[in-house]
Amino acid sequence: MKILAFGEVLLRLTVPEHLMLTQTDELRMSTVGTGVNLLSSLTHFGYRTRLLSRLPDNALGQRAAGELRRYGIQDDYVTFGGQHMGAYFVEFGYGSRPERVTYQDRLSSAFCQQPPDDQEIAAALVGCQFVHICGITLSLTAPVRQAALRLAQQAHANGQRVCFDFNYRQQLNTGVAHETLKARYQEILPYVDIVFGSKRDLTALLDYPDDEDRTQSASRESEAALYEQFVRDYHIDYFAGSYRYQIGQQKWFAGFSYQHQQLVVGKARPLMILDRIGSGDAFASGIITGLIERWSLQKTTDFAIATAVLAQATVNDAPEFTKEMVLADMASDGQLELIR
């Protein structure tokens, strides 16, 4: 099984020791990005992975490519050109102080300025069964949006399963009209089989009606009806998403899957957050794993939740857990203290 992901490779600069950016002159550098995070997780679950992207033609780009190989991601379809790589700074939260992300200019990156052409897309698709496209690509430059759409169309025509993550980012859409952004998503969704998102993506972004004033059981029925309408409208096979909530001082992470008129809510897991960035990518990798292995909706959703919870208990966006580690965590209900 081989999975292709299309997306930007980013440089993450992490402030150490829970300091604020204004307090430090040291940073820890790592290579991340939605596609990178997802593929790193799937590689460690035992699958072959491939990234379609572009890096700057300099030492920084070569370093990033080397880290992709360390993750086990095939970089044959990562090209080089330009001089800039998108980056962001991470400050860990502590207590009531939340984790904070500060982006540098992503739109000037090598990936945003010159995404893959049709020949590169066709070559990268060969031999892949799953193709993942991040919704962030719809908020970047026009060439990137066009490449994402062409990739989805070609993979769909080939009969390959296309995964799409809404992954909406307000910071990347300042000044973009709601109807413009909505139209971008509506254009690509007909070529997608598996979607990662949330109720809010459907109601706030795609303008599906929202009904909040219901009991819990009625709300579950209302959500199932909403998801059914969405998957019917765009001929989608599978819709899944994660969410978090808090009871008292305890934070919880949960998720759902919807397929064939069946809504499954996974077992919520308590959170001890070391680094929450990349949790959605980890959740998506768990769902894709369940689809590959043909697990039940329940096991797939529970596995995805466990993967995301473990990812938030480690530093960096790209998970490096094996499938066996996640299954052991599930079997112990998160109480495993020693791996031998």
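Biologist: Is H132 buried or exposed, and what is its relative accessible area?

Modeller: First, the ground rules. This is a predicted model, in which local features need pLDDT of at least 70, side-chain atom pairs count only at pLDDT 80 or more, and totals for chains, interfaces and linings use all residues. Numbering starts from 1 along each chain as its sequence is written, and side-chain values use heavy atoms, with hydrogens and water left out.

H132 is buried, because its relative accessible area is 1%. Buried means under 20% with a 1.4 Å probe, protein chains only. H132 touches L4, A5, F6, T34, L38, C163, D165 and F196, leaving aside residues up to four places away in sequence. A contact here is heavy atoms within 4.5 Å.

H132 sits in strand β8, which spans residues 130–134. Strands are DSSP runs of E, at least two residues; helices are runs of H or I, at least four, and both are numbered from the N terminus. Five of the five residues of β8 are buried. In a regular strand the side chains alternate between the two faces of the sheet. In β8, F130, H132 and C134 lie on one side, V131 and I133 on the other, and both faces are covered.

Now the neighbours. Strands pair if DSSP finds at least two bridges between them. Strand β1 (residues 2–6) runs parallel to β8, joined by four bridges. F6 has I133 as its bridge partner in β8. Strand β9 (residues 161–165) also runs parallel to β8, with five bridges. There, F130 is partnered by R161.

One last item is an open space in the model. The second largest pocket holds about 570 Å³. Among its 18 lining residues, G93, Y94, G95, K251 and I273 are the closest to its centre. A pocket is an open set of points on a 1 Å grid over the protein atoms alone, with protein on both sides within 12 Å along at least five of seven lines; lining residues have an atom within 4 Å of a point. Points are joined across faces, edges and corners, and the volume is the space filled by probe spheres set on them.

Conventions: Buried means under 20% relative accessible area, exposed over 50%, partly exposed in between (1.4 Å probe, protein chains only). On a 1 Å grid over the protein atoms alone, a cavity is a set of points where a 1.4 Å probe fits but cannot get out, and a pocket is an open set with protein on both sides within 12 Å along at least five of seven lines; lining residues have an atom within 4 Å of a point.
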